[in-house]
Amino acid sequence: MGHPAAETSSFMTDFLRQSGGVAIIDGGLATELERHGADLNDPLWSAKCLLTSPHLVREVHLDYLEAGADIIITASYQATIQGFEAKGFSGEESESLLRKSVEIACEARDIYYDRCQKGSPDSNNVRVLKQRPILVAASIGSYGAYLADGSEYSGNYGDAVTLETLKDFHRRRVQILAASGADLIAFETVPNKVEAQAYVELLKEEDIKIPAWFSFNSKDGVNVVSGDSLLDCASIAESCQNVVAVGINCTPPRFIHGLILSIKKSTMVLHYVPLCTLGIKNVVTTKPILIYPNSGESYDGKRKEWVQNTGISDQDFVSYVNKWCEIGAALVGGCCRTTPNTIRAIYRTLSSRSPAPSL
Ligand SMILES: C[S+](C)CC[C@H](N)C(=O)O
Ligand SMILES: N[C@@H](CCS)C(=O)O
Ligand SMILES: [Zn+2]
């Protein structure tokens, strides 16, 4: 079912209210599949598991739900029609693989709800079995993800790749995932301004009815990875009615505090000035801020391996969470190399907070 504009505008605030003020996003999907033995050394990266091990994808979604996640992100990050066609699949088969990523996540949610209802015993008391609203977010990774060389951490696509190239590249996948039964689209690891602009234009041109979030990545704690201004990028997202949350993913935790403050500034610049001209003071309209950092490790795109010595422990990761929420994060989770344990730790930290003020 589509979400008319008015409904879209309250979609996230309603969901956040039902989630107790802060919602929990899942952790790394691809790297968790890898930890369970999947070989991701392939141009399709985690999307390869849609072909080889859909049961494992479902299991990992379930692990995140049982760790306390309120939102699970599908395995479509690097699933593209162009990527599947390069493997010999037809257009139609490629489109069904995209839909399959959403079906798997929806199945995991159904199984989870069933377990909640049955109240399956949990002798170790580690599984969260709590009936609550759960969203399935259909992942769309950047053009750089499709290039499969870690380019989503540089955002440098060269002059030949224009706004129109990016719109043409993403158009069909956006259409398919918007009609797949997912609750929202997660535009993830957006590395530059032009790709954010392409997404905004596509959402409008294709009259996409479901909500979306935009999540950028940074490697210096100031700008997005390409060097484009985060303020400009967040303002592009802010201008789009479909966008129900804006934030940062797959970025080292130590940079997140400053980046949240920048995003807040960008929304203030966009909204405060026009409201002032109407004589309205101190009113700032913002979209909820989402944060799902990686473990702090860096990725070697050529070898398709993680450089391990730069990561932080779950305990250190979680020590940041309350502070991020205090300064405005409303959705918190983890990206690459975070695990269900990270999400469980976030769940416990947030559960022990005093209730959030009503939104
Ligand atoms: C977010 S990165 C770790 C994803 C993988 C990358 N696109 C690759 O294919 O190597
Ligand atoms: N949702 C993707 C993001 C990779 S940066 C994943 O967790 O694999
Ligand atoms: Zn990541």
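In which strand does Thr189 lie? Thr189 lies in strand S4, residues 184–190, where strands are DSSP runs of E with at least two residues and helices are DSSP runs of H or I with at least four, both numbered from the N terminus. The model is a predicted one, in which local features need pLDDT of at least 70 and side-chain atom pairs count only at pLDDT 80 or more, whereas totals for chains, interfaces and linings use all residues. Residues are numbered from 1 along each chain as its sequence is written, and chains are lettered from A and ligands numbered from 1 in the order in which they are written.

View 1. Thr189 of strand S4 has a positive phi of about 50 degrees although it is not a glycine. Thr189 counts as buried because 28 C-beta neighbours lie inside 10 Å; the cut-offs are 20 or more other C-beta atoms within 10 Å of the residue's own for buried, 12 or fewer for exposed, and partly exposed in between, with C-beta atoms placed from the backbone. Trp45, in the loop between helix H2 (30–35) and helix H3 (48–52), is likewise not a glycine and has a positive phi of about 45 degrees. With 23 C-beta neighbours inside 10 Å, Trp45 is also classed as buried.

View 2. The shell around ligand 1 consists of Trp45, Gln78, Ala145, Ala148, Gly150, Glu152, Thr189, Cys250, Tyr299, Gly301, Lys304 and Cys336, a residue being near a molecule or strand if its C-beta atom, placed from the backbone, lies within 6 Å of it. By class this shell holds six nonpolar, four polar and two charged residues, where Ala, Val, Leu, Ile, Met, Phe, Trp, Tyr, Cys and Pro count as nonpolar, Asp, Glu, Lys and Arg as charged, and the others, Gly among them, as polar. Around ligand 2 stand Gly28, Leu29, Ala30, Ser46, Ile73, Tyr77, Ser139, Glu188, Thr189, Cys250, Cys335 and Cys336, and these divide into seven nonpolar, four polar and one charged.

View 3. Two packed helices are described by the angle between their axes and the distance between the axes. Helix H6 (residues 91–118) and helix H8 (residues 163–178) cross at roughly 45 degrees, and their axes come within 9 Å; axes are lines fitted to C-alpha atoms, for helices over the stretch in contact, and angles run from 0 to 180 degrees between N-to-C directions. That angle makes H6 oblique to H8, since angles under 35 degrees count as roughly parallel, over 145 as roughly antiparallel, 65 to 115 as roughly perpendicular and the rest as oblique. The crossing of H6 and H8 is right-handed, a term used when the near helix is turned clockwise from the far one by less than a right angle, with left-handed for anticlockwise. Glu95, Leu98, Arg99 and Val102 of H6 make this contact with Arg173, Ile176 and Leu177 of H8, residues being in contact if their C-beta atoms, placed from the backbone, lie within 7 Å. The contact of H6 with H8 comprises four nonpolar, no polar and three charged residues.

The axes of H8 and helix H9 (residues 193–205) also come within 9 Å, here crossing at roughly 50 degrees, which makes H8 oblique to H9. This crossing, too, is right-handed. On H8 the contact uses Leu163, Leu166, Lys167, His170, Arg171 and Val174, which meet Val194, Glu195, Gln197, Ala198, Glu201 and Leu202 of H9; by class there are six nonpolar, two polar and four charged residues.

**View 4. Helix H4 packed on helix H14.** Helix H4 (residues 54–67) and helix H14 (residues 340–351) have axes 8 Å apart and pack at an angle of about 20 degrees, so H4 is roughly parallel to H14. H4 passes H14 in a right-handed crossing. Asp63, Tyr64 and Ala67 of H4 meet Pro340, Ile343, Arg344 and Tyr347 of H14, a contact with five nonpolar, no polar and two charged residues.

**View 5. Trp306 in strand S9.** Trp306 belongs to strand S9, residues 305–307, and is partly exposed because 18 other C-beta atoms lie within 10 Å. Leaving aside residues up to four places away in sequence, Trp306 touches Glu297, Tyr299 and Arg337.

Methods. Two residues are in contact if their C-beta atoms, placed from the backbone, lie within 7 Å.
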